[in-house]
Amino acid sequence: MITGKNYIGNQLSAKGSTTYKTFNPQLNIENETVFIEATSEEIKEAVQLASEAFIAFRNVSGVKKAAFLNAIADEILVLGEALIKTYCKESGLPEGRAIGERGRTVGQLQSFAKLLLEGSWVEATIDTAQPNREPQPKPDLRKLLVPLGPVVVFGASNFPLAFSTAGGDTAAALAAGCPVIVKSHPMHSGTGELVASAILQAAKKTGMPNGVFSNLNSSGIEVGSQLVKHPGVKAVGFTGSIKGGRALYDLAAKREEPIPVFAEMGSINPVVILPEALKNRGKALAKTYAGSITVGTGQFCTNPGLLLAIKSEALSSFIQELSNEIVKVEPSCMLHPNIVEAYENKKEKAVAQSGITVTAAYTTKVNANYARQTITTVEGQTFLENQSLHQEVFGPYSIVVQCANAKQLERIISKLEGQLTATVIADNQEASTYPEVIAALQNRVGRLIFNGVPTGVEVCAAMTHGGPYPASTDSRFTAIGIHSIKRWVRPFSYQDWPNALLPEALKNENPLSINRVIDGQQTRDQIK
Ligand code: NAP
């Protein structure tokens, strides 16, 4: 049952007087539940409880944490229809997407559980002592990764499950041994509360300390700001706009003790279509890209918002074909009236720029909160000179840039802000004849795709979902896949520490049987 209250650890709490409701964009009406925003007192209680829980939770074994994560996955599935229905009511997204995203969320939790059971992720590194070394003896040093402390996770509007309450950030932080306080997204607080109840049920069943997880409601920026400023919070995970992510990053940097903010923000995901490919299969590419631009109503951080190619007849035909194809796609519902409004405003601003031609715009009347997909085109030089055209228009919008030549294409790429992805569409050997273009792309993005589309992010160990700023605030880390756990840990060394007092991962006898680096060698051996 959805109560509209906050979870401060295991306790439901509603001390505040600020209330709000979520919105059903398909029906264009408010949903019934009244949510109560967390007060300053409740924020402090949640952080205090998380700090206390950390003392025990940081030492919980990998096996027990894995049981906790697997139990969360199970409890999410137990929520059944109620979760799927609430998700759809609060997002306007179809049931198939809800079920798919639930599967992804459950899969993410289970993949971290697997990582914990295997155990080598702590990167145990041992340099044994050399008491007889000259001129000075070498001490025994043993290093591993340890959790940072309580983490605040901001739920994302566009992934109510996979990037929200029990999404990738939460799963990774809990796996690392960090208690989590979720700042629930106001667009899907009911979905958030249901998932929070599943996490707490799992915590109880697997004996986790109270405070290992809290879920706080908010309808404005105040709750999130207070959380980020609280001295008990040690790191932040965020997915959303550049404005929001940057504001939180700056707040965290201004604290007496600055803390890391791992924000995954905007990206226009350039797609470079090389001449041969454009000539040989422009028609098929137009159809594929009409699909990729409009999938999920364009509300994906990997949406292809920028198509780049060298001017030719084939490019003119492609623009025409893409424009024809995109208006054939039925418009679909956006997540919230605010998102539709932001889309329409940003689009309006983009098409008003000088040199922009709208080649496809869905002109027929659409339902309230439905988005009209749009394609525009511009000359390479105009794009180069107008930075505002490089900004994300979150929704089913893409701009095709007609570059004068390969040199200009390369210049444009090197002037782009950091991006999550770039895609190269090429035929035969032509990719190898544009080394500067490929090198320029590699320098700007976190993931390069060959002959595909950027939408659809595989969750696996080799995935990089991040990139140079402003795609993310720290390009050294991924937000997706098991390596995202590294955002929530720090390296820690023991020097000459007695074997009996060392954590299991560093003991001579290697009781966890994990991979370690001992005196420069990868091994599962014991130290005799
Ligand atoms: P948002 O405005 O960035 O907000 C995300 C979360 O951060 C919300 O919970 C918001 O709190 C909080 N927040 C924002 N600014 C804050 C600040 N200055 N201080 C403290 N907390 C702050 O994103 P959104 O609401 O999800 O969507 C709005 C726009 O973000 C979209 O139209 C789109 O442009 C962009 N977006 C991009 C991506 C992407 O992957 N690239 C994904 C989602 C959204 P409150 O809501 O409580 O105010």
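**Exercise 1. Determine where Ser164 is placed and what surrounds it.**

Step 1. The backbone oxygen of Phe159 lies 2.9 Å from a polar atom of the side chain of Ser164. This pair is a polar contact (a pair of N or O atoms within 3.5 Å; within protein, one must be able to donate a hydrogen and the other to accept it, and residues adjacent in sequence count only if both atoms are side-chain atoms). The structure is a predicted model, in which local features need pLDDT of at least 70, side-chain atom pairs count only at pLDDT 80 or more, and totals for chains, interfaces and linings use all residues. Residues are numbered from 1 along each chain as its sequence is written, and side-chain values use heavy atoms, with hydrogens and water left out.

Step 2. Ser164 belongs to the loop between strand 9 (151-154) and helix 5 (168-176). Helices (H or I, at least four residues) and strands (E, at least two) are DSSP runs, numbered from the N terminus.

Step 3. Ser164 has a relative accessibility of 1% and counts as buried. Buried means under 20% relative accessible area, exposed over 50%, and partly exposed in between (1.4 Å probe, protein chains only).

Step 4. Leaving aside neighbours within four places in sequence, Ser164 is in contact with Val153, Gly155, Ala156, Phe159, Thr170 and His188. Contact means heavy atoms within 4.5 Å.

**Exercise 2. State how many residues of helix 5 are buried, and what follows the helix.**

Step 1. Nine of the nine residues of helix 5 are buried. Among them are Gly168, Asp169, Thr170 and Leu174.

Step 2. After helix 5 comes Gly177, which has a positive phi near 105°.

**Exercise 3. Identify the surroundings of the ligand.**

Step 1. The ligand is surrounded by 26 residues, the closest being Ser157, Lys183, Gly220, Ser241 and Cys301. A residue counts as near a molecule if one of its heavy atoms lies within 4 Å of it.

Step 2. Helix 8 (242-254) and helix 11 (337-351) each supply at least two residues of this shell.

Step 3. An N or O atom in the side chain of His185 is 3.1 Å from an oxygen atom of the ligand. For Lys346, a polar side-chain atom lies 3.4 Å from an oxygen atom of the ligand. For Ser225, a polar side-chain atom lies 3.5 Å from a nitrogen atom of the ligand.

Step 4. On its own the ligand has 860 Å² of accessible area, and the protein covers 86% of it. Accessible areas come from the Shrake-Rupley method with a 1.4 Å probe; for residues, only the protein chains shown count as cover.

**Exercise 4. Classify Gly446, Val358 and Ala462 as buried, partly exposed or exposed.**

Step 1. Gly446, in strand 20 (residues 445-450), has a relative accessible area of 24% and is partly exposed. Gly446 lies 8.6 Å from Ala471, C-alpha to C-alpha, although the two are 25 residues apart in sequence.

Step 2. Val358, in strand 16 (residues 357-361), is partly exposed at 40% relative accessibility. Not counting residues up to four places away in sequence, Val358 touches Val351, Thr374, Ile375 and Thr376.

Step 3. Ala462 lies in the loop between strand 20 and strand 21 (489-495). With a relative accessible area of 74%, Ala462 is exposed.
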